[in-house]
Amino acid sequence: MKNLKFLFLNLIALMLVSSCVEKETSLKVEVVETSRSGNKLSEIDAFSNAEPTSKIRLNPKTTFQTFTGFGGSFTESSAYLLNQLGSENRKKVIDAYFADSGARYSLTRTHMNSSDFSLGQYSYAPVEGDTLLKNFSIEEDRDDIIPMIKDAMAASSEGFNIISSPWTAPPWMKTNNEWVGGELKPEYYDTWALFFSKYADAYKAEGIDIWGFTVENEPHGNGNNWESMHYTPEQMTEFVREHLGPQLEKDGKGDLKILGYDQNRAGIKEWVDVMYKNEANAKYYDGTAIHWYESTFRVFPEALQYAHEKAPDKYLIQTEACVDAEVPKWQDDDWYWQKEATDWGWDWAPEDQKHLHPKYRPVYRYARDIIGCMNNWVDGWVDWNMVLDRQGGPNWFENWCVAPVIVDPDQDEVYFTPLYYTMAHFSKFIRPGAKRIDFESNNKDLQVSAATNPDGSHVVIVFNPSEEEKVFDLELDDVSKRISISPQAIQTITLID
């Protein structure tokens, strides 16, 4: 009898030990998911019991680029719309983007002078011949853009960086004396460099620090549609090397970042070849800015890798993306997941280029592009307008686009589209200073990226574009956790101690 009792107690002890071992060998995770079926950054704590069909193994000892941040843009259009909302909804939108309870945007952009997403065309230096910019004024920004930025600063516990971009110099400085097209006259290179410095001073006087600049939004132009100014790579580099860099340095602003190019990825090579041709050219450039408007599905990994290899110690930041040439769909979540929701360029592209512009699912394009950029050395990803109205404006050129948040100011209503939640999967969880880490995944259907935050937490992004649930084992240091992801869904998985 004593032997039986002894065996029984040993059996219980073994079971307890086994249970402890099992607990110790199971990763602890927090999972949020956004899916076509209706999840919106929803916490997931129950997973399928089905056998896993694949695994994702993290290798955090191998690291790549350090992330600068994720976010969106302060445009006059967005800021104006927020001013048309009631105070409760205005705060709701600001908090959704910047508060700890929201997407925690950490990298943002705004325009210097007007853009198409302005209420009209304007310049901070409207007086012709004012080469010393004695009449320089940011008065145009005081009603809308500056209050929006200040409210965002108040809502953000960690703060965020701002990249400022000009669409054009004032017409009087340009070869064609127009808002659209033309080049900067050489005799105004010094004046235009001073413009950047005065802008930084003016915003600092408002309590707003600018982190950096792009030299020119879309230097190839935009088809002569809205504000633009053209540069060749050589012209831009001369302006930066001989004028803008020295001016900022002389004025004690050498810490402000200067990003070159600022247009589509397919053209990176010809630009970085000039920008980083030699030490003199590269001296004042802190990095390269890029956009996504070249085709629907391509991330251009070869171009991104080339730009990184050309200047591995410089920033490579995606500064603009949106669903363009499209009136937003109001309160229709499923449209943002639909296969043939929208396109870019199908209507106007030449026949031999139409294959580059098929209809696409907006959520898919965002998720694929951000993951693809992360996995190809891009360290920051900035969306375009944060807020637009039901028409996709206001836009003085009627260049209607989609934003993650759509508002109806007449009814004081706010619609958070699935694009908002898609952006938040990255911005909320991957913090500035995080490093991309290596991983192995044996399921080609899943698109994956991973990072380690400054606090040591590991974050995994998983996108499942298929119409089937996927079950996988997430592994780290021979410890694993079985996870399932819904069909047509994006997940952020945070590993916790």
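Here are some questions and answers about cysteines, salt bridges and one annotated span.

This is a predicted model, where local features need pLDDT of at least 70, side-chain atom pairs count only at pLDDT 80 or more, and totals for chains, interfaces and linings use all residues. Residues are numbered from 1 along each chain as its sequence is written, and side-chain values use heavy atoms, with hydrogens and water left out.

Q: Is C401 buried or exposed?
A: Buried means under 20% relative accessible area, exposed means over 50%, and partly exposed is in between (1.4 Å probe, protein chains only). The relative accessibility of C401 is 2%, so C401 counts as buried.

Q: Which side chain meets R482 in a salt bridge?
A: A salt bridge needs a side-chain nitrogen of Lys or Arg within 4 Å of a carboxyl oxygen of Asp or Glu. R482 sits in strand β21 (residues 479-485), and its partner is in the loop between β2 (42-44) and β3 (54-66), so the pair ties together parts 431 residues apart in sequence. Strands (E, at least two residues) and helices (H or I, at least four) are DSSP runs, numbered from the N terminus. At 3.8 Å, N to O, the partner is E51.

Q: Where do D273 and K269 lie?
A: These two form a salt bridge, with their closest N and O atoms 3.0 Å apart. They are 4 residues apart, about one turn of the helix, and both lie in helix α7.

Q: What is the relative accessible area of D408?
A: D408 meets R390 in a salt bridge (3.2 Å, N to O). D408 lies in strand β15 (residues 405-408) and R390 in the loop between β13 (387-389) and β14 (401-402), so the pair ties together parts 18 residues apart in sequence. R390 counts as partly exposed at 39%. D408, though, is buried, at 9%.

Q: What percentage of residues 433-493 is strand?
A: The unreviewed UniProt entry annotates this span as "domain: Glycosyl hydrolase family 30 beta sandwich"; positions follow the numbering used here, feature names are shortened, and annotations may be inferred rather than shown by experiment. Its end C-alpha atoms lie 18 Å apart. The span is 0% helix, and its strand share is 64%.
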